[in-house]
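Look at the structure, then read the points below.

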Amino acid sequence: MRINVKVNGEAREADVEPRLLLVHFLREDLGLTGTHIGCDTTSCGACTIVLDGKAIKSCTAFAVQANDRDVLTVEGLEKNGKLDRIQEGFHEEHGLQCGFCTPGMMMTSYALLQTNPTPTEGDIRVGISGNLCRCTGYVNIVKAIQYAAQKPAQ
Amino acid sequence: MIPASFDYSSPGTLAEAIALLQQHGADAKILAGGQSLIPLMKLRMAAPKHIVDINRIADLSYIREEDGHLAIGAMTREADIDASALIRERYPILHDTASVIADPLVRNMSTVGGNLAHADPANDHPATMLALGAEIVATGPGGARTIAVTDLFTGPFTTSLNADEILTEIRIPIAKVRSGGAYLKVERKVGDFPAAAVAVQIAFNGSTIASAGIGLTNVGATPIKAVRAEQALVGKAPDDGVIQEAARIASEEAEPSEDLRGPVDYKRSLVRVLTARALRQAIARANGGS
Amino acid sequence: MEPRTSPEIGGMGHSVKRKEDGRFLRGQGKYVDDVVLPGMLYLDIVRSPYAHAKILSIDDSKAMAIPGVLAVITGKTLEQYGLHWMPTLMSDTQMVLPVDKVMHQGQEVAAVLATSRYIAADGIQAVEVDYEPLPVVVDPFKALLPDATVLRTDKEGKKDNHIWHWEAGDRAGTEEAFKNAEVTVTQDIYIPRINVASIETCGCVASFNKVDGKLTVWMTTQAPHAIRTVFALVAGHVGLSEEKIRIIAPDIGGGFGGKVPVYPGYVIAVAASVLTGKPVKWIEDRMENLQAASFARDYHITAELAGKKDGTLEALRFKTVADHGYTDAAANPSKFPAGLFHIATGSYDFKKAFMEVDAAYTNKPPGGIAYRCSFRVTEAVHAIERMVDIYAHELKMDPADLRKKNFIKEAQFPYKSQFGFEYDSGNYAAALDLAMQRIGYDELRKEQEEKRAKGELMGIGISSFTEIVGAGPSKHYDILGIKMFDSCELRVHPTGKAMARFGTKSQGQGHETTYAQIIAEELGIPSAHIAVEEGDTDTAPYGLGTYASRSTPVAGAAAAIAARKVRDKARKIAAYLLEVSEEDLEWEPGKFSVKGSPSKAKTIQEIALAAYTNHPPGMEAGLEAVNYYDPPNLTYPFGSYICVVDIDRGTGQVKVRRFVAVDDCGNIINPMIVEGQIHGGLTMGLAPALYEEINYDAYGNIQGGSLMDYLVPTSMETPAWETDKTYTPSPHHPLGTKGVGESATVGAPAAIANAVVDALWHLGVRHVDIPITPPKVWKLLADAGVAE
């Protein structure tokens, strides 16, 4: 099936099997390997991207569902060589170690701050509760998002 | 991790969707939020030959009070129910429920209609809808009909919807004055299905309970309406003894099975404890607190 | 701890922001599944639903009929090349693909090679395997009984399921001590199986070039050189030769020990690539990872302490049955099949100790140490800290007081334990005092009394652990005979920048930043100017890899020594340039100056340039050094953790209200990174304490084989950890630093378990096995008549 998806602001066209998972479309058809796969039961959130402004698990959507829609992945966060405030926050607050959950975690954080620009720590912890991290124990991820919330959105 | 192949349609109208269901019969499956269906397909525990994606049909997502009921479009996302000021203020039991379904990412996609139509006994909305005395609207080739939620769940993953019908709306009786409800869930961690969960919705007449709805999640083959526990509340002023008794009866109406979430006696006890706690919270909300 | 270098140099003690972040933040990390090569094929694996079964037949006809399926590889295929079995890191043997029978649920049975990931997935569904189930052995005690079904029928003459017996200490002396003791305390402690479940699963891309005979494998491995040597030894007979094997560990999404073993999937992928001459990718699913990759723990311990009524501990005796699954594929140093479990005398000055461990084969996946455990130190610490708490509670003594009474005193270091370890340094009382002060211990005990009177359940648990890391001295430590040194190769370029390569491999620990800081400390070259590389066996010096918190103690020392060698040569060059003798020079970070004439100086950058443009006659040009560091001893980080829990009497849920962790890892390279390690480690201690568990029913069916039931904590379950430090340097490490990666995972579970038991002791509860789940707690409450 022919699909047209806007990915990180760019129109992308492809012919895909209906069963092709959105995460595989992004990683393999488009070569955007920043989005990762960490499980097979929709449990870990490593695959999180932003679809029409909402953070979703791209392993639990078909690429065909993204037809005529807008996808933002981690590769689309940096604009004109400037890191997004979320990326800056994760760096400044040591919110990543192995980096594998990080793209998904940042996309969730990005969408969180869009809908709730002044989240409490409790809001943040709820907001990222769909994203598992094994390395950081979440403390510095919370700090990273709090850091980003203090900065103006790009 | 990879589903079996299938054909895919993405109709723009209800009529087209229904026609596709008629055409493909048992080979077809509706794709709403997909957060239950797609995981099953990835495990190859479901392998529908034809997917009918109803996400592009307009006007199936709304939350509004009209004609004596709260009408929620079946494609309303859980995240939207969670964020709705109307629901938070007037139907807090629904906010309680939506906010504990899976995790926030899943809630951005999953729909209240799908949560009901999928009829997983572990899903959260069914018990709440039972407690609220809700009904659903099913739209098929012959038009729309209503089904009381008490008649909807016929078995695990089975509803009384026909194969060519789509659940399009949920109707909840308008919130009465001096009514309140709560949904309490015990899960092993955020994102899990419940070990047990209880929905309680009550309305007062003076100092006594005029109506009570109690729904139990994941302690039976279908969601359970704890009818005897409800009856033990009606007409009574809910003092501690009345609450405890109703809770005890509710736990007897539960039919839990042992699994990784716990043994039968634990789950039964949870139903009792959660019923009492939800009842107290419902009462507080009915009296203007939270 | 004041840094000695300026922030511009960024040596030890500075919280330098991580250099590796740049690519991760942009989604430009290169993990194994990101590797794409032209013509690459995909491998997927058919796995056994049975825990023990004969394979009667494998029918691949339907699979082969699927367009795009190129081959179905079975044990019989590999048998032709002698590759159907391989050695494990513990010198046992493991099936790559079975010919006769399978021995655990989830075991690899056949592999499908296809042109796409999706077609390979279709292929494995179409392979038809006919099994004849055999009796299943899941209980390791039953496995050791004389009439048990013998599992390893492949081992000639093997008539039982006993793998090995290992013991340490003084059996007779300990028995005597127990006979004469005023108080003895016994407890059975089971530490169940868990799986580390790094967010990235295991996998590889194997690429064999038929023209030059070179095999390149991108692999999720924490120990690339060891893998290369193992491959050369195992597959030498099919033409693989070590100089033509290149293992590349690219970015790795978490290791924690789970990416040390050689998994059958790797070997099958290599074989498939060698046979086809095409690159072959194999990436396991999460369920495959949970059901077949290396587990951790599974120790059944009968623990005993003996001592005096006044709280003096005298003797310790542990008897353990270790459930290893169907083969011993742990990755312990070869002389220590139970790892460093004999650190179990912990922080306490025992006079006598004895322990024995018996390992059993069962119909479960193999493994044993893959979850941030420092070679079985998690098990040891859990046991001793539980026992010390039980001892204290039995005597109605405050658990903090009992610990302080028995701590090894500062003056006793270096301390020789009853099990033969020489602890390098420690100050246990200071750490516990700080933890107690931070958490407000005395006020909490008061609060607990008040709450108890009202029927509310609140508990305080302490864990004062001694860790043991940095394996290890060549005298005692090797893996498959390869000694456990590690290495640094350091080169300073003409423009004063540097590159350092190591035999270790970071999986998130921040080596690109921290190793640079060590070299910056020693040479005064800004850490921002020092590039660190690891993981490519074609370029990195040989090392045993990163696990068991060994990188800083071993490779970090190598970095310091290599840098000092460079500095020694730099001194000679400086003396030549300044026309003085070496003794006339003084060093400060970044420059040599003439004593008494500080303006006569040469910076390290000037010296570096001179090494290539104006080096002294008779001296080799260049400015580089290599060090292979053989540590003289292990290092002994330690800490005291205190946990406060509140228990819901209605649901049995345990809520961690507060958790204070005081850690001492000696001198610290990067405080920010150390704190991050502790946060993560604590969360991996919380997880097995309250949530995670892998079990098998009587038929060997896994319970908890997906992330739906294997409960990895989210941000909601994880408390806001509070951390603090004391600083007791290691006297033998060149930098005085000890390593810290696993301390928190080692120390935390006991603090949490002790808190729960402390909350319930007055109800007659003396022990609860982890994970302490709500149904377990509820049952105790119900039995005691206090459930809501």
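Predicted model: local features only at pLDDT ≥ 70, side-chain atom pairs only at ≥ 80, totals over all residues.

How many disulfides does the count come to over all chains? The count is 0.

- A disulfide needs two cysteine sulfur atoms within 2.5 Å.
- For A:C44, the closest cysteine sulfur belongs to A:C39 and lies 3.8 Å away, so the two are too far apart for a bond.
- A:C44 is buried, with 3% relative accessibility.
- For A:C101, the closest cysteine sulfur sits in A:C133, and that distance of 3.8 Å is also too far for a bond.
- A:C101 has 8% relative accessibility and counts as buried.

**Extent of the interface of chain C and chain B**
- Chain C brings 25 residues into contact with 22 residues of chain B.
- Together the two chains bury about 2100 Å².
- Carbon and sulfur atoms carry 60% of that buried area.

**Polar and charged links**
- The rule finds 4 salt bridges across the interface of chain C and chain B.
- One salt bridge joins C:E788 to B:R277, with the closest N and O atoms 2.8 Å apart.

**The side of chain C that touches chain B**
- Two or more residues come from each of these elements of chain C: α4 (117-126) and α19 (774-783).
- α4(C) gives the most, with 5 residues.
- By type, the residues on this side are 11 nonpolar, 7 polar and 7 charged.

Note on methods
Residues numbered from 1 in each chain as written. Chains lettered and ligands numbered in written order. Heavy atoms only, no water. Buried < 20%, exposed > 50% of the residue type's maximum accessible area, 1.4 Å probe, protein only. Contact = heavy atoms within 4.5 Å. Buried area = accessible area lost by both parts, 1.4 Å probe. Salt bridge = Lys/Arg side-chain N within 4 Å of Asp/Glu carboxyl O. Helix = DSSP H or I, 4+ residues; strand = E, 2+ residues; numbered from the N terminus. Nonpolar A, V, L, I, M, F, W, Y, C, P; charged D, E, K, R; others polar.
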